Amino acid sequence: MLHDLLVEIGTEELPPKALKKLSDAFTAGIVAGLAEAGLVAAEVHAYAAPRRLAVWLKSVPKQQADQIIERKGPRWQQRLTKKATPAKQRKGLRVRAA
């Protein structure tokens with residue numbers, strides 16, 4: 001399912017001469033960040049005013065594709081205490097997201 005996304009920030013007075021450059025940098029950052037997350041928009045429209053920057057992205061996927069992320073920690077023997085209970089170091093080491 002695809003949705004439109006509007007990202008808008010209000011600012012103090014921006015210099016009119018710098019609006020184009022600031023708007024382009026803001027748009028590029030938003031598009032690059034979403035692309036890195038696997039969310040690519042069909043169309044991108046940038047808007048700039050002295051107190052506002054906005055990016056309107058059309059047809060953005062509702063969510064990322066499923067992925068598996070595995071983080072490795074210390075060996076199993078190092079994760080257990082003498083009573084065979086998980087050590088403090090084990091907490092948060094192996095995370096799997098589906």
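Ser23 is found in helix α1, residues 19–36; helices here are DSSP runs of H or I with at least four residues, strands are E runs of at least two, and both are numbered from the N terminus. The model is predicted: local features need pLDDT of at least 70, side-chain atom pairs count only at pLDDT 80 or more, and totals for chains, interfaces and linings use all residues. Residues are numbered from 1 along each chain as its sequence is written, and side-chain values use heavy atoms, with hydrogens and water left out.

Ser23 has a relative accessibility of 7% and therefore counts as buried, a term that means under 20% relative accessible area with a 1.4 Å probe and protein chains only. Beyond its neighbours within four places in sequence, Ser23 is in contact with Ala46, Tyr47, Ala48 and Leu53, contact meaning heavy atoms within 4.5 Å.

Strand β3, residues 52–61, runs antiparallel to β2 and is joined to it by 7 bridges; pairing requires at least two DSSP bridges between two strands.

I turn now to the sheet. Its 3 strands form an open, antiparallel arrangement in the order β1-β3-β2. Helix α1 lies across β1, β2 and β3, at about 30 degrees to β3; axes are lines fitted to C-alpha atoms, for helices over the stretch in contact, and angles run from 0 to 180 degrees between N-to-C directions.

Along the sequence, the pattern is β-α-β-β-α.

Key
Buried means under 20% relative accessible area, exposed over 50%, partly exposed in between (1.4 Å probe, protein chains only).
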